[in-house]
Amino acid sequence: MKNLVLLGAGHAHVHLLSTLASQPWPGVQITLIAPYPRLLYPDMVPGFVAGHYALDKCVIPLEPLLKNTGIRWLAQSATALDANARSLTLDDGSTLNFDWLSVNTEPVQDRQQIELRLPGAREYGLFVQPTEAFGALWPRVTELAQSHALRVAVIGGSALGIELAMAIRHRLPTSSVTLVTEGASVAAHDTSAVQQRVVQALKQRNITVLADQAVSIQAGEVTLTSGARLACDIPVIASGAQAPAWLAGSGLALDAQGFMAVDACQRATSHANVFAAGDISTRVDQPLAHSGVFALRTGPALTQNLAAVVAGLEPRPHAPSKFTLNLLSCGDEEAIASWGRYCVQGHWVWLLKDWIDRSFIQRYRKD
Ligand SMILES: Cc1cc2nc3c(=O)[nH]c(=O)nc-3n(C[C@H](O)[C@H](O)[C@H](O)COP(=O)(O)OP(=O)(O)OC[C@H]3O[C@@H](n4cnc5c(N)ncnc54)[C@H](O)[C@@H]3O)c2cc1C
């Protein structure tokens, strides 16, 4: 029997798993490699930080999805991949061979690399990824905040840093919150309409924005490029996510940032038996943002194409719409939505985001 290995239980693989109990693929042994027994849906993590959701409301358990599918689940992570030898190495040192491989893991905050550019990050920083580790540590911060007001610095001015800063402000109203944008302007990749609303939202929530770069972290402070020292009890590291190191030596074609280069069928441009979806991959035919929206949209196409290749058929290209509704929560029950050049804000936008996020969980939750 031939082997298909699904590496990572990201958005697209969760969709694939949800179809297999009712539509099994004959003649193929499927193995899932996923370190956690669930997918923690990152888009709801700011809502968890803000106190709107309990952590277990933000997860999709894997075991109910695997029931009656015959899939073997190994609770491990990949540490090396040799695409030419069709072999994966797992974190217990074992190796696993495959005929087909589909990768849906996430970028990583490489502690060693970040420590080189931001000494002290490893010892004092609260890293946002893996989100499972962050989710486990965040309650300790809220406990600490009960005894005294904290000084929190969120390092990273992208949508992730902005959402977290506003979520922390909502959850810890007596603490000071500073957003260190790493030298860029706030929401630098968004339209000027979004930027203006974000700047205003941060100001209204009394969040200090520093367009400076953190260069080191010590106990109780963060040093910035300007030489300024920012008093800080909790430095939240919300920047520096990159392709995992194990991809570099895999023999796969990669983009300039080290992510897997895939074609319009989500197939590796270098290896016909390897597929990828979500943030770990880059489409060479059309640039798509690394976001939950595109990760999710790829699920049905990846499922169809893997089903095709294991049945000896050709995969088909798919072209997701480039336009997305981007939703940025403001910590309290308000959010900013943007669609192309249009931008709106309000409580109803937060209700919409809340409904979309909870619907995603409901759709795949089978427990
Ligand atoms: C806090 C936060 C908030 C966000 N909010 C939004 C938002 O509001 N809207 C939006 O569009 N995007 C948002 N994003 C980005 C979005 O979550 C990602 O783009 C999306 O999760 C990518 O999905 P994916 O399918 O690539 O991987 P994911 O769904 O993140 O899953 C990757 C899986 O791979 C597993 N894994 C990791 N390493 C390995 C390994 N070595 N071996 C095996 N398995 C492994 C992980 O355990 C995880 O289950 C947010 C991200 C974060 C961190």
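Q: What should I know about the numbering and the model before I start?
A: Residues are numbered from 1 along each chain as its sequence is written, and the model is a predicted one, in which local features need pLDDT of at least 70 and side-chain atom pairs count only at pLDDT 80 or more, while totals for chains, interfaces and linings use all residues. Side-chain values use heavy atoms, with hydrogens and water left out.

Q: How many residues does helix α10 have, and what distance does α10 reach from its first C-alpha to its last?
A: Helices (H or I, at least four residues) and strands (E, at least two) are DSSP runs numbered from the N terminus, and the expected span of a helix is 1.5 Å times one less than its number of residues. Helix α10, residues 292-310, has 19 residues and reaches 27 Å between its first and last C-alpha, close to the 27 Å expected. For α6, the 17 residues should span 24 Å at 1.5 Å a residue, and the end C-alpha atoms are 26 Å apart, which agrees.

Q: Where do α10 and α6 bend?
A: The bend at a residue is the angle between axes fitted to the seven residues ending there and the seven starting there. α10 bends by about 35° at G299, with a proline, P300, following within four residues, and α6 bends by about 25° at L137, where the proline that follows within four residues is P139. After α10 comes G312, whose phi is positive, near 85°.

Q: Which residues of α6 are buried, and what covers them?
A: Buried means under 20% relative accessible area, exposed means over 50%, and partly exposed lies in between (1.4 Å probe, protein chains only). An α-helix has 3.6 residues a turn, so residues three or four places apart point the same way. In α6 the buried residues are T131, E132, F134, G135, W138, V141, T142 and A145, and their cover includes β3 (38-40), α2 (45-50), β11 (126-127), α7 (159-171) and β18.

Q: What do the buried residues of α10 pack against?
A: The buried residues of α10, among them F294, T298, G299 and N305, pack against β1 (2-7), α1 (11-20), β2 (28-33), β9 (100-103) and β21 (274-276). N305 counts as buried because its relative accessible area is 3%. Contact means heavy atoms within 4.5 Å, and, leaving aside neighbours within four places in sequence, N305 is in contact with C265, F275, P315 and R316.

Q: Which residues line the second largest pocket?
A: The lining of the second largest pocket is made by Y124, G125, L126, L137, R140, V141, L144, D233, I234 and P235, around about 150 Å³ of space. Its largest share, four residues, comes from α6.

Q: Which peptide bond is cis, and which residues other than glycine have a positive phi?
A: The peptide bond from Q129 to P130 is cis, with omega near 0°, and P130 lies in the loop between β11 and α6. N68, which is not a glycine, has a positive phi of about 60° and lies in the loop between α3 (63-66) and β5 (72-74). R86, also a residue other than glycine, has a positive phi near 55°, and its place is in the loop between β6 (78-82) and β7 (87-90).

How values were computed
On a 1 Å grid over the protein atoms alone, a cavity is a set of points where a 1.4 Å probe fits but cannot get out, and a pocket is an open set with protein on both sides within 12 Å along at least five of seven lines; lining residues have an atom within 4 Å of a point. Grid points are joined across faces, edges and corners, and a volume is the space filled by probe spheres set on the points.
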